[in-house]
Amino acid sequence: SQLFIKDLHFDGVPVRIYLPREPSASKRRGVVFIHGGCGIFGSIRTYERVCRHIARKSDSVVVSLGYHLAPEHKYPAQTLECLTATVHFLKTAETYGVDPARIIVCGDSVGATYTATVCQELGHRTDIPKIRAHVLIYPFLQALNFNLPSHQKNAAVAFLTRERTVDFILKYLNKDCSLKEPILAGSHVPENINLKYRKWINPDLIPDVFKLGYKPPLPALFLPQVYEEVPELFKPWVSPLLAEDSVICGLPDTCIVTCEHDVLRDEGLLYKKRLEDNNISVTWHHVEKGFH
């Protein structure tokens, strides 16, 4: 009763928009919401209550993106649709009573991956309004190292186990599931790439309080045939942590939410450090009893 809810298409991308009914004296804030589900499940309908809640409690206009799912719609269709719909909303915000200078992008899990990618891609664009901030809720941010402390600690925690994480990535990218074990071991990463990205993906960068009981794994045997099968894992559209500093420094203010009982916890911590090292304002919320 407090919201107008409409199903629309933004340049061909299905969206559901939530507009507060109460008249506003000034233009409202806008929220682009990108749902999780590993790129292979989830929908606008799945996140209906979440988006209604955000719209009501923050008195904002919320646009929930209904990007098409893999593997039927092959990667990177999902990322491209999120980019397309976000740009459309930035350009047409005033049509919906939204201040284009007060739009944030928000997502959970792979929705946070798409959120990070959208903001990385649009950070230096001058032809559209700047995104005001982005919110990353337990984000997936890298596919190089599946042996970080949070991967070890939460390997068997429901709902997102360590093995299931890689299963979902392979299904999302339409790859053979036999690649799972070598990827979990790290055999897909050549030494030169390990060396290049050690400055950003490294257990040494994680605060000691999060490393209790952590045992560094033995070095993995590099398997060139596995590396050649998964080139997507080394691109920022799948692993936003690998973006260069020149991209990171163009990001908006950021809020990162991590959960203690989550295999992806440390990716949020590593991204937080990268952003802070590049003088990006970061608000961090850690949910001690939370899980993915």
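Predicted model: local features only at pLDDT ≥ 70, side-chain atom pairs only at ≥ 80, totals over all residues.
Helices (H or I, at least four residues) and strands (E, at least two) are DSSP runs numbered from the N terminus. Residues are numbered from 1 along each chain as its sequence is written, side-chain values use heavy atoms without hydrogens and water, and local features need pLDDT of at least 70. Side-chain atom pairs count only at pLDDT 80 or more, whereas totals for chains, interfaces and linings use all residues.

Just after α5, Asn174 adopts a positive phi of about 60°.

One of these partners, α3, spans residues 110-122. Its 13 residues reach 18 Å from the first C-alpha to the last, close to the 18 Å expected at 1.5 Å a residue; the expected span is 1.5 Å times one less than the number of residues. Helix α3 is mostly covered, with 12 of its 13 residues buried. Among them are Val110, Gly111, Tyr114, Cys119, Gln120 and Leu122.

Turning to the domains, an automatic or database assignment sets the bounds, giving domain 1 (3-142 + 237-291) and domain 2 (149-233). The contact between them takes 35 residues from domain 1 and 29 residues from domain 2. The C-alpha centres of the two domains lie 25 Å apart. Together they bury about 2,800 Å², 68% of it on carbon and sulfur atoms; this is the accessible area (1.4 Å probe) that two parts lose on being put together, summed over both. On the side of domain 1, Leu242, Val263 and Leu270 lose the most area to domain 2, together 22% of what that side buries.

The side chains of Glu260 and Lys153 meet in a salt bridge (3.4 Å, N to O). The elements giving two or more residues to the side of domain 1 that touches domain 2 are α2, β7 (253-261), α10 (265-277) and β8 (282-291). Of that side, α10 supplies the largest share, seven residues.

Terms used:
Buried < 20%, exposed > 50% of the residue type's maximum accessible area, 1.4 Å probe, protein only. Contact = heavy atoms within 4.5 Å. Salt bridge = Lys/Arg side-chain N within 4 Å of Asp/Glu carboxyl O.
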